[in-house]
Amino acid sequence: MSSWLRRLQLTVRSKTGLSSGVLVWGLVATLGGAVTLGFFIFAAYIALAERYGSLTAALALGGLFLLTTIIALICCLSSQRRTVASAKLALAARSPAPWLDPKLLGAGLQIGRAIGWRRLVPLAAVGVLAAGLAKEWFGRDRPAGETG
């Protein structure tokens with residue numbers, strides 16, 4: 001069940017690029033934008049109230065917050081792109097089993113027709129038995145909590 005939820009989560013991330021980093025940087029950018037607007041409004045007020053002095057400080061702080069906002073937006077976009085890329089890689093790694101490939105299924109059907117199903121079934125049973133034994137044999141060295 002958790003693998004389905006993980007796959008759903010990765011699918012949503014690959015389509016939207018949404019992650020905690022994107023949300024945090026988006027919040028910083030929004031807060032920076034609001035503070036920038038506040039300082040520029042404050043600077044306009046000071047410009048009208050008195051010609052020099054406090055205006056220079058307000059514009060300098062407004063420029064600082066504008067720079068912070070631009071940096072946060074760049075980081076937000078970078079984080080979103082990394083999230084999309086990593087989710088796509090994780091989805092590609094969780095691709096379905098290779099034996100479900102239509103080309104391989106077609107080749108298997110042709111081999112089955114050529115050799116004959118009555119001869120192929122015992123060979124497949126021996127192959128499954130050998131794979132099970134190999135999994136048990138090579139799985140002994142792993143710790144108890146680790147599965148392969």
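Predicted model: local features only at pLDDT ≥ 70, side-chain atom pairs only at ≥ 80, totals over all residues.

Student: OK, and in what order do the elements run from the N terminus on?
Tutor: They go α-α-α-α-α.

Student: How much of the protein is buried?
Tutor: Buried residues are 16% of the 148 residues in the protein.

Student: And what's the accessible surface like?
Tutor: The accessible surface is about 11,600 Å², and carbon and sulfur atoms account for 71% of that.

Student: What share of the contacts comes from residues 24 or more positions apart?
Tutor: Counting contacts with a separation of 6 or more, 69% are between residues 24 or more positions apart.

Student: Let's do helix geometry. How far does H1 reach from its first C-alpha to its last?
Tutor: Helix H1 covers residues 2–16, which is 15 residues, and reaches 21 Å, close to the 21 Å expected at 1.5 Å a residue.

Student: What follows H1?
Tutor: Gly17 does, and its phi is positive, near 75 degrees.

Student: What about H4, what span should it have?
Tutor: Helix H4 (residues 102–115) has 14 residues, so at 1.5 Å a residue it should span 20 Å. Its end C-alpha atoms are 20 Å apart, which agrees.

Student: Which residue comes just after H4, and what phi does it take?
Tutor: That's Gly116, with a positive phi of about 105 degrees.

Student: Switching to aromatics. How many aromatic pairs are there?
Tutor: The count comes to one aromatic pair. The partners are Phe39 and Phe65, with ring centres 5.1 Å apart and planes at 15 degrees.

Student: Why does the pair count as stacked?
Tutor: Because the planes of Phe39 and Phe65 are at 15 degrees, and planes under 30 degrees apart count as stacked.

Student: Where do the two sit in the chain?
Tutor: Phe39 is in helix H2 (residues 20–49) and Phe65 is in helix H3 (residues 54–93). They're 26 residues apart, so the pair links distant parts of the chain.

Student: Now Trp25. Where is it, and what does it touch?
Tutor: Trp25 is in helix H2. Leaving out residues up to four places away in sequence, Trp25 touches Ala72, Cys75 and Cys76. Trp25 is partly exposed, with a relative accessible area of 33%.

Student: How far is Trp25 from Leu77?
Tutor: Trp25 and Leu77 are 52 residues apart in sequence, with 8.7 Å from C-alpha to C-alpha.

Student: Ser79 next: buried or exposed?
Tutor: Ser79 is in helix H3 and counts as buried, because its relative accessibility is 7%; the cut-off for buried is under 20%.

Student: What does Ser79 touch?
Tutor: Ser19, Gly21 and Val22, again not counting residues up to four places away in sequence.

Student: Last topic, the nonpolar surface patch. Which residues make it?
Tutor: Phe40, Leu59, Leu66, Ile70 and Ile74 make a nonpolar surface patch of about 430 Å².

Student: Which helix gives the most to the nonpolar patch?
Tutor: H3, with four residues. Ile74 is found in H3, and at 54% relative accessibility Ile74 counts as exposed.

Notes:
Residues numbered from 1 in each chain as written. Heavy atoms only, no water. Phe/Tyr/Trp six-rings, centres within 6.5 Å; stacked < 30°, edge-to-face > 60°. Expected span 1.5 Å × (residues − 1). Buried < 20%, exposed > 50% of the residue type's maximum accessible area, 1.4 Å probe, protein only. Contact = heavy atoms within 4.5 Å. Patch = residues over 30% accessible without salt bridge, like charges linked within 9 Å, V, L, I, M, F, W, Y side chains within 5 Å. Areas by Shrake-Rupley, 256 points an atom, 1.4 Å probe, with all protein chains shown as cover. Salt bridge = Lys/Arg side-chain N within 4 Å of Asp/Glu carboxyl O.
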